[in-house]
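Here is a friendly briefing to read alongside the model. Please keep the sequence and the 3D view open as you go.

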Amino acid sequence: MNITNLVSLSRLLVPQERVALSASTFSTFFLPAFVSYFAMGVLVQRQRTAMIRVALLPVVLLCACRAGSSLDFSLGIPNYRSFNQSFVLAMSTLSMRSTAWAFARKPYKRNALQPNKISNSDALSSSTNQFVDDTQLSTAIWNAWDLSVNLRGIGWDWPQGLHIPKNNHGTKSGLEFLLSTLAKILLYALAFDAASRAVRDFSPETFGSVEGGTIFDASLLPLSRYTRSTVVTILFGWTVYFVIELEYQIHAIASVLLFRQAPSQWPPLFDAPWLSTSLTSLWGHKWHQMLRECFISVGTRPFSYLFGRTGGVMGAFLVSGALHYFGLKAMGRGGHPVVVFGFFIMQGAGLILEGVWKRFTGVRVDGCLGLLWTWLWVVFWANFMVDAWARVGLVGSMCFPDDYRPTVLLAYFLKRYLNLW
């Protein structure tokens, strides 16, 4: 096969431009990726499937790449280009999970959950569970629905060292869980809308628009310029936190209603990351751990094998950098690889510095000084990360039409029905 034929084949598999989302394009591009991913989820539960999983992996990766680079979830509207970013992040996660499953050393087993019982343990263990030698095919197919969306592996035997934030509200019935989750959805939707609007209002004509722009205003004196960029960075950090929580709560209520999952499979996602007293605690357990197993399997393990413990730390952050780079590039305005990878490399470097500090002083980074150190290190490097996001129009992107933004709807409700003004 000559080069011309290869180029023609690549254009056939992956269109040069994104195609509008429709029933036809959805079935052509997304379904092959999901079906192959789902098949991998079934196989990883079964004995003697290692060779099949390894053979299937290139198919999953090709289908995921094809879907992520082909479908246009923005519907051609510049304000909604961030939906393409979210979709590429999903396809990248699908690829990483499939890679981990392809090389899993033993079949995954699902633990028996006690309905409506919330686990408050820091780590899940399967040592007290007894399993049969192999999972029946019908059971594996049903379990694969759970496995495909269960990123933290709650209720499974494969997470290692997974930290589950404690639930301070105790055990809830199914109805209580649904009502509280619905309240959280409303709360996080309002908070996300308010925070994202506050960021855009700093500069509606530049980084607050879909055209994008820098958060570093060259017309200001250095102190004012970087104070302003830092405020924007912190506000956008809260925006990211709120939108992740919003998506998590939506998935929780849908999974409990549609897939009959127990509320105990949806414990808190974050563990007050703003109170982290070290980078180790922030990235180790206080930030969400949804992609922990992906980063360990694809980044930490191979890099640890090649370069030791330090290499393992950097490997996890390099994989995280790649994930965010691909997501940013989906905006169609460039990916700023040096800045994106640089942020995550410096987070890994910060963890290594904390290890060096402990080795020489015998004291962990902790306490008030640790809190200050964590905030300064993360926010300093995040300035450049948020600037890259702002330049491609991500900060100015919108998730809701102007007339249907949650804060607008709330104001309309208060004005019309409660006569507050």
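Aspartate 134 and arginine 46 join their side chains in a salt bridge (3.8 Å, N to O), a term for a side-chain nitrogen of Lys or Arg within 4 Å of a carboxyl oxygen of Asp or Glu. This is a predicted model, where local features need pLDDT of at least 70 and side-chain atom pairs count only at pLDDT 80 or more, while totals for chains, interfaces and linings use all residues. Residues are numbered from 1 along each chain as its sequence is written, and side-chain values use heavy atoms, with hydrogens and water left out.

**Salt bridges**

- The structure holds seven salt bridges, including the pair of aspartate 134 and arginine 46.
- That pair links distant parts of the chain, 88 residues apart: aspartate 134 is in the loop between H4 and H5, and arginine 46 is in the loop between helix H2 (23-43) and helix H3 (50-70). Helices here are DSSP runs (H or I, at least four residues), numbered from the N terminus.
- Aspartate 134 is partly exposed at 23% relative accessible area, and arginine 46 is partly exposed with a value of 23%. The classes are buried under 20%, exposed over 50% and partly exposed in between (1.4 Å probe, protein chains only).
- Another salt bridge joins arginine 405 and aspartate 193 (2.9 Å, N to O). Here 212 residues separate arginine 405, in the loop between helix H11 (367-391) and helix H12 (406-417), from aspartate 193 in helix H6 (residues 174-200).
- Both arginine 405 and aspartate 193 are buried.

**Arginine 97**

- Arginine 97 sits in helix H4 (residues 82-102).
- Although buried, arginine 97 has no salt bridge, and the nearest side chain of opposite charge, aspartate 146, is 7.7 Å away. For charge, Lys and Arg count as positive and Asp and Glu as negative, with His and the chain ends not counted.
- The arginine 97 side chain does reach the backbone oxygen of asparagine 150, at 3.0 Å.

**Nonpolar surface patch**

- Leu137, Ile141, Trp142, Trp145, Leu257, Leu258 and Phe259 make up a nonpolar surface patch with about 710 Å² of accessible area together. Helix H5 (137-149) and helix H7 (222-258) are the elements that give two or more residues to this patch.
- Patch members have over 30% relative accessible area and no salt bridge, and nonpolar side chains (Val, Leu, Ile, Met, Phe, Trp, Tyr) are joined within 5 Å. Areas come from the Shrake-Rupley method with a 1.4 Å probe.
- H5 contributes the most, with four residues.

Technical notes:
Polar contact = N/O pair within 3.5 Å; in protein donor to acceptor, adjacent residues only side chain to side chain. Patch = residues over 30% accessible without salt bridge, like charges linked within 9 Å, V, L, I, M, F, W, Y side chains within 5 Å.
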